[in-house]
Amino acid sequence: MKISEALSLVRMGQPELNRVQRFRARCHTVADVEAAARRALPRPVFDYIAGGADDEVTLAENVGAYTAWRFQPQVLRDVAEVDLSTEILGRRSALPFGLAPTGYTKMIASAGEPAVARAAADAGMPYVLSTMASTSLEDLTAVPPTGRADRWFQLYVWKDRDLTAGLIARAAAAGYRVLEVAVDTHVSGFRGRDVRNGLTIPPQLTPGALLDIASRPRYWTQMLAHPMIEFANVAGSDAGYTIENISQQFDPSLDWDTLAWIRSLWDGPLLLKGPVSAADALRAQQLGVDGVHLSNHGGRQLDRCVVPVDLIPLVRAATGEEFTILVDSGIRHGADIAVALARGADAAFIGRPYLYGLAAAGQSGVAHVIDILRTQLTRTLQLAGVATVDELRTHGHELLNPTGR
């Protein structure tokens, strides 16, 4: 080959000056987006997203539980067109995954929950607002989506039952379609990274943490330009809940009678969210609960907790095909979503990945993470010889092989 011929194969790219476009061009995986978020955020804030409870055993095992599975492709199948749409609790979703609830999201980026909700609506997928959100139920619905919004609400049960009932009523009045009751947060987990950084409630930041925050001017200047962050759904409560005392307000006496009471207050689809066993899922089903959102809170509550993806076939066998099973915790790749669906889940949910996107590039960053996972999931199905989500579920037992973990 002549030098001139070799040079003709080389195309020098123009430097991208737009920060968001540069982010999208450089980030091809969730790991890339995580690295971008690490660069953008002060260490205490990044650790708030990335960290887990105690020794972070469950945090690591959540991810390993997905990567331990191996695909056995079906060959010579027509996969020219792949349909990722599916039905989730009676509504068609463009994708078989959604955006899970996260608390205090405006600490990650001032755009906060509204940016996440708009990205979800644009993608035609569900978004779950947390009780501990930094945007209220009503304020989120006041932000007009550019797509078709499917808003859900995650309820933390409070010692103050009037407040709990009020949150349920507000969610219904604001048009939230699905209510999921968190049953793994009645006592706060111990998150060592946050304690060491002083990112606690109330904050007691260490000198090192303050110095790290000061070294990220883009982060703190956007924070200074916006109102103080608060737990918006209980702000101004007559009970006087503050950032200092809020973590003591969750109810450790939460029991099955409480769940029956919540069912009586909520007319729409109701989910139980937590590391729910097959026996507990069956009991919830008998109480009129429509499904479970299997989760160990991303390894942030009980360390050494069972991995949610391993619960899917057990819960499915106990509750039948009509019972809705959702799963989160540990999903970092479109192939992970394929594993969850093949094991019997109706849909998967992500948390940390979209927070990394939000930190790095706001709403565009969240949308980019959704695009990454969509592309990976599509490619995984094509290479596995599957053209639809229903087909993936039907042939899941044939498509997956365990590695003996």
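Accessible areas come from the Shrake-Rupley method with a 1.4 Å probe. On that basis I looked up the accessible surface of the protein, which comes to about 17,800 Å². Carbon and sulfur atoms account for 55% of this surface. I note at the outset that the model is predicted.

**Entry: overall form.** I looked up the dimensions of the C-alpha trace, and along the principal axes the trace spans about 80 × 55 × 40 Å. The radius of gyration is 22 Å, which agrees with the value near 22 Å that a compact globule of 405 residues would have. I recorded 18 helices and twelve strands. Of the 405 residues, 53% count as buried. I then turned to contacts between residues at least 6 apart in sequence, and 77% of them join residues at least 24 apart.

**Entry: the annotated site.** In an unreviewed entry, UniProt places the feature "binding site" at Tyr-48, Tyr-156, Arg-191, His-297 and Arg-300.

**Entry: Tyr-48.** I found Tyr-48 in helix H4, which covers residues 43–50. Tyr-48 counts as buried because its relative accessibility is 17%, and buried means under 20%. Its side chain reaches the backbone oxygen of Gly-103 at 3.2 Å. Beyond its sequence neighbours within four places, Tyr-48 is in contact with residues including Tyr-104, Met-107, Asp-194 and Arg-300.

**Entry: Arg-300.** I located Arg-300 in the loop between strand E9 (291–294) and helix H14 (308–319). At 12% relative accessibility, Arg-300 also counts as buried. Leaving out residues up to four places away in sequence, I listed its contacts, among them Tyr-48, Gly-189, Arg-191 and Arg-352.

Note on methods:
Residues are numbered from 1 along each chain as its sequence is written. This is a predicted model: local features need pLDDT of at least 70, side-chain atom pairs count only at pLDDT 80 or more; totals for chains, interfaces and linings use all residues. Side-chain values use heavy atoms; hydrogens and water are left out. UniProt positions are given in the numbering used here, feature names are shortened, and annotations may be inferred rather than shown by experiment. Helices (H or I, at least four residues) and strands (E, at least two) are DSSP runs, numbered from the N terminus. Buried means under 20% relative accessible area, exposed over 50%, partly exposed in between (1.4 Å probe, protein chains only). Contact means heavy atoms within 4.5 Å. A polar contact is a pair of N or O atoms within 3.5 Å; within protein, one must be able to donate a hydrogen and the other to accept it, and residues adjacent in sequence count only if both atoms are side-chain atoms. The radius of gyration is taken over C-alpha atoms; the globule rule is 2.2 Å times the number of residues to the power 0.38.
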